[in-house]
Amino acid sequence: MTDDMILTVVMGSRAYGLETDASDTDRRGVFVAPTAAFWRLEKPATHRDGPLPEQFSWEVERFCVLALEANPTVLECLWSPIVEVITPAGRRLRDLRPAFLSERARQSFAGYAESQFRRLDPAVPKWKQAMHMVRLLLSGLHLVRHGEPLVQVGPYRERLLAIRRGEVPWAEVDAWRAELAAEVAATPGVLPERPDRERVEDFLVGVRKEYL
C-alpha cells in the first residue's frame with residue numbers, strides 16, 4: 001500500500017454480501033497528491049489502478065467532486081462495511097458523508113440502473129448485470145429513505161444470488177426492477193435539496209494544507 005492513501009475499502013460482492021467462492025476482492029481507495037504538485041503545468045493524476053489486483057483509487061479532490069455529484073459507486077465507497085486502511089484524514093472524509101448527500105442521488109442511482117437495464121437483452125440476459133441493476137435500486141431506495149445507501153444487502157442476498165444464477169424468470173426480475181424504480185422516484189425522502197459544498201471544501205483545503 002502506498003503512503004499517500006488515506007482510505008482503502010473493499011467493494012464489489014464481498015462488501016455487498018453477495019460473494020461466492022469464486023469472488024475476487026475489489027478494492028477502492030482515496031489518495032492525496034502532494035499539494036506542490038499542483039503548481040506544475042502537468043497536474044497530478046485524478047485516479048490510478050493498483051498497486052493491488054482489482055484496486056482502483058481516486059485523488060481526493062476528484063473523489064469529492066464525484067461524491068458531490070452523487071456518483072453511486074463513490075457514495076457506496078464511503079459506506080463500505082469493510083475498511084482496510086484509514087488515516088486521520090480518511091476518518092474526517094468518512095465523517096463528512098452526510099455533507100455529500102442531496103436529492104441528486106435519487107436521479108443518479110435510478111439513472112445508473114436504467115442505463116444497465118437498457119443494455120440488457122431480455123432474450124439472453126446477462127444475469128450478473130441484472131442482479132447488480134436490482135441491487136443498485138435497492139441501495140438507492142434505502143438512501144432516499146434513510147440517508148445512507150444499502151451496501152450490505154442482508155435479507156436480499158438469496159433472491160439476488162438466484163437472479164445471478166439465472167433461476168428467476170426475466171419477467172419477474174423486470175417487475176421487481178420496475179417496482180423499485182417507481183419507489184425510488186415517488187418515495188418521500190430524507191435527503192437535502194443540495195449537498196454541503198462549503199463543508200466539503202473546508203475539508204479539502206485542510207487536506208491540501210497537510211500535504212504541503
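Reader: Why is glutamate 114 called partly exposed?

Author: In this predicted model, glutamate 114 has a relative accessible area of 29%. Buried requires under 20% and exposed over 50%, so a value of 29% falls in between and the residue is partly exposed.

Reader: What makes arginine 118 count as exposed?

Author: The relative accessibility of arginine 118 is 67%. The cut-off for exposed is over 50%, and therefore arginine 118 belongs to that class.

Reader: How do you know that the side chains of glutamate 114 and arginine 118 meet in a salt bridge?

Author: The N to O distance for this pair is 3.2 Å. A salt bridge calls for a side-chain nitrogen of Lys or Arg within 4 Å of a carboxyl oxygen of Asp or Glu, so the pair qualifies. Both residues belong to helix H6, where they are four residues apart, about one turn of the helix. Shared partners join Glu114 and Arg118 with Asp174 and Arg177 into one network of salt bridges.

Reader: What makes arginine 27 and glutamate 84 a salt bridge?

Author: Their closest N and O atoms are 2.6 Å apart. The limit is 4 Å, so the pair is counted as a salt bridge. It links distant parts of the chain, with arginine 27 in strand S2 and glutamate 84 in strand S5 (residues 83-86), 57 residues apart.

Reader: How do you know that arginine 106 and glutamate 103 form a salt bridge, and are these residues buried or exposed?

Author: The N to O distance between their side chains is 2.8 Å, which is within the 4 Å limit and therefore meets the criterion. Arginine 106 and glutamate 103 are both buried. The structure holds 13 salt bridges.

Reader: What makes up the lining of the largest pocket?

Author: The largest pocket, with a volume of about 290 Å³, is lined by 13 residues. Tyr16, Thr73, Glu76, Gln116 and Arg135 lie nearest its centre. Strand S2 (26-31), helix H3 (72-78), helix H6 (104-118) and helix H7 (127-146) each give two or more residues to this lining. By residue type, the lining divides into five nonpolar, four polar and four charged.

Methods. Residues are numbered from 1 along each chain as its sequence is written. This is a predicted model: local features need pLDDT of at least 70, side-chain atom pairs count only at pLDDT 80 or more; totals for chains, interfaces and linings use all residues. Side-chain values use heavy atoms; hydrogens and water are left out. On a 1 Å grid over the protein atoms alone, a cavity is a set of points where a 1.4 Å probe fits but cannot get out, and a pocket is an open set with protein on both sides within 12 Å along at least five of seven lines; lining residues have an atom within 4 Å of a point. Grid points are joined across faces, edges and corners, and a volume is the space filled by probe spheres set on the points. Ala, Val, Leu, Ile, Met, Phe, Trp, Tyr, Cys and Pro count as nonpolar, Asp, Glu, Lys and Arg as charged, and the others, Gly among them, as polar. Buried means under 20% relative accessible area, exposed over 50%, partly exposed in between (1.4 Å probe, protein chains only).
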